[in-house]
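Here is a briefing on one protein model. Please keep the sequence and the 3D view open while reading.

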Amino acid sequence: MSINYSERIPNNVNLANDRTLQRALEHWQPRFLEWWRELGPHDFEANDVYLRTAVGVDAQGWASYGYVKMPDYRWGIFLADAIPDRKIGFGDAFGQPVWQQVPGEFRSQFRRLIVTQGDTEPASVEQQHLLGHTCPSLYDLRNLFQVNVEEGRHLWAMVYLLHAYFGRDGREEAEELLARHSGDADKPRILGTFNEPISDWLSFYMFTYFTDRDGKFQLKSLAESSFDPLARTCRFMLTEEAHHMFVGETGIARVIRRTLEVMKELGTDNPEAIRRHGAVDLPTLQRYLNFWFTSSLDLFGSEVSSNAATTFANGIKGRPDESQYEDHVCADATFALDVPDGKGGVATDTVPMRNAMNEIARSAYVRDCEIGVKRWNMAIKRAGVDFQLALPSTRFRRSIGAWAGVPTDPGGTPISREAYERQLPASLPSESDRAFVRSLMQPVREPGKMAGWIAPPDRGINNLPVEYEYVRLG
Ligand SMILES: [Fe+2]
Ligand SMILES: [Fe+2]
């Protein structure tokens, strides 16, 4: 179904046919806009930004590009087309028809999942509230705003489900999504990573590469759901999400390219010399990577989880890309898991496969993260530099699950608490690393110009040149 843009809330769910729902969402809309003005991108409300807007949900040309002032962006409700005769793809009800309503007995589980996903969307916009002031280029500024408006739309996606399928509880949860705030002492966002400040652009690229990718895998799991409206919502969100990870991957690649240029120019790999020249040395980049990757790993939850087993058994949340597996029921299957043996070593635990669903999703996520790291390393190698970036072990610096609080080195080998504390400055950004990266954050706002710590992108947006005026600062 095409998207109706003549309505106050653009949608392809026939909102006009359900007056009560329409009124409830129209009541929520001004509160959303108020939240956007207060905690969305600081300033720039009056500037034209070259943004893409969804105009359809099919693979060909769902996006239209043009100048929009961000508060006028058409946030709406878009579901991917229904798959005719779709059947439940996993769990105890495998093979039965999917649900168009939430079964009463699974209501609270569904609500919790939708609220948790919904909470991350505005959280990331809040985390990036001030970044526009230090943009390395207009191209990057535009990408930041594109990510921000789409996270705002993802909030709409979850709020639609809450309003349409969860009655009064859902409406209350929708209010709460605007009441919690990233980093707020009294009412923080639900998940830890979404309360970490993103106050520099290196963190922004790391966040969009590693944390948005967690979002991709959560959405992939929910896109398998037996509750069809949730599955269709998430399938469309995934098409938007891809751009966020592109921003992260190419952002980090451009930082590396610039660093390699500076290293070549100076003929040194000395971090101090590279820093004096205004570029980010590779060890610092590795420390930022360690921070955001490990923080994002916790978002998948505990390695062994009875909750994950229940949501899988009930057909609520599947594995990412469920169709790749042969056994979709996993009634008797087991999974081998590395756990601390309690004596400073590693043991293998065999657990029911259903209880290991979080770990299965996390492993798929880690494999996906590795693709970008390989590409970055190829660029480093081609430049003749003897340095390789690496993802730390999933055991390193964990706060949730089997390895929570267990001291290991970045490779995942258990070490003493003292040894752990000693190696921290080498493996995580120190206050002085952060201060240095912050010192680089001087805004560059001339079309086509780039900050000295980052190389230009290979190409512009939508086939336009890099020097296009992506944001009219006027
Ligand atoms: Fe999102
Ligand atoms: Fe995203």
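In this predicted model, helix H3 meets helix H4 through Leu-155, Val-159, Leu-162, His-163 and Tyr-165. On the H4 side the partners are Gly-170, Arg-171, Glu-173, Ala-174 and Leu-177. Contact here means that two C-beta atoms, placed from the backbone, lie within 7 Å. Helices are DSSP runs of H or I with at least four residues, strands are runs of E with at least two, and both are numbered from the N terminus.

**Conventions**
- Residues are numbered from 1 along each chain as its sequence is written, while chains are lettered from A and ligands numbered from 1 in the order in which they are written.
- Because the model is predicted, local features need pLDDT of at least 70 and side-chain atom pairs count only at pLDDT 80 or more, whereas totals for chains, interfaces and linings use all residues.

**H3 against H4**
- H3 covers residues 138–165 and H4 covers residues 167–179.
- Their axes come within 7 Å and cross at roughly 155 degrees.
- H3 is therefore roughly antiparallel to H4 (under 35 degrees is roughly parallel, over 145 roughly antiparallel, 65 to 115 roughly perpendicular, the rest oblique).
- Axes are lines fitted to C-alpha atoms, for helices over the stretch in contact, and angles run from 0 to 180 degrees between N-to-C directions.
- The contact has six nonpolar, two polar and two charged residues.
- Ala, Val, Leu, Ile, Met, Phe, Trp, Tyr, Cys and Pro count as nonpolar, Asp, Glu, Lys and Arg as charged, and the others, Gly among them, as polar.

**Glu-121**
- Glu-121 belongs to helix H2 (residues 107–127).
- Glu-121 counts as buried because 22 other C-beta atoms lie within 10 Å (20 or more is buried, 12 or fewer exposed, in between partly exposed, with C-beta atoms placed from the backbone).
- Beyond its neighbours within four places in sequence, Glu-121 contacts Glu-151, His-154, Leu-155 and Met-158.
- Glu-151 is 30 residues away from Glu-121 in sequence, yet the C-alpha atoms of the two are 4.9 Å apart.

**H5 against H10**
- H5 (residues 201–222) packs on H10 (residues 357–382) at about 135 degrees, with axes 10 Å apart.
- That angle makes H5 oblique to H10.
- H5 brings Tyr-209, Phe-210, Arg-213, Asp-214, Phe-217 and Ser-221 to the contact.
- H10 answers with Ala-361, Ala-364, Tyr-365, Asp-368, Cys-369 and Gly-372.
- By class, the contact of H5 with H10 has seven nonpolar, two polar and three charged residues.

- Phe-44 has phi near 65 degrees and sits in the loop between helix H1 (19–39) and strand S1 (48–54).
- Phe-44 is buried, because it has 21 C-beta neighbours inside 10 Å.
- Asp-321 has phi near 55 degrees and lies in the loop between helix H9 (306–313) and strand S3 (334–340).
- Asp-321 has 13 other C-beta atoms within 10 Å, so it is partly exposed.

**Whole chain**
- The protein chain has 12 helices and five strands.
- Its radius of gyration is 23 Å, which agrees with the value near 23 Å for a compact globule of 474 residues.
- That radius is taken over C-alpha atoms, and the globule rule is 2.2 Å times the number of residues to the power 0.38.
- Along the principal axes, the C-alpha atoms fill a box of roughly 65 × 65 × 40 Å.
- Buried residues make up 45% of the 474 residues.
- Of the contacts with a separation of 6 or more, 68% join residues 24 or more positions apart.
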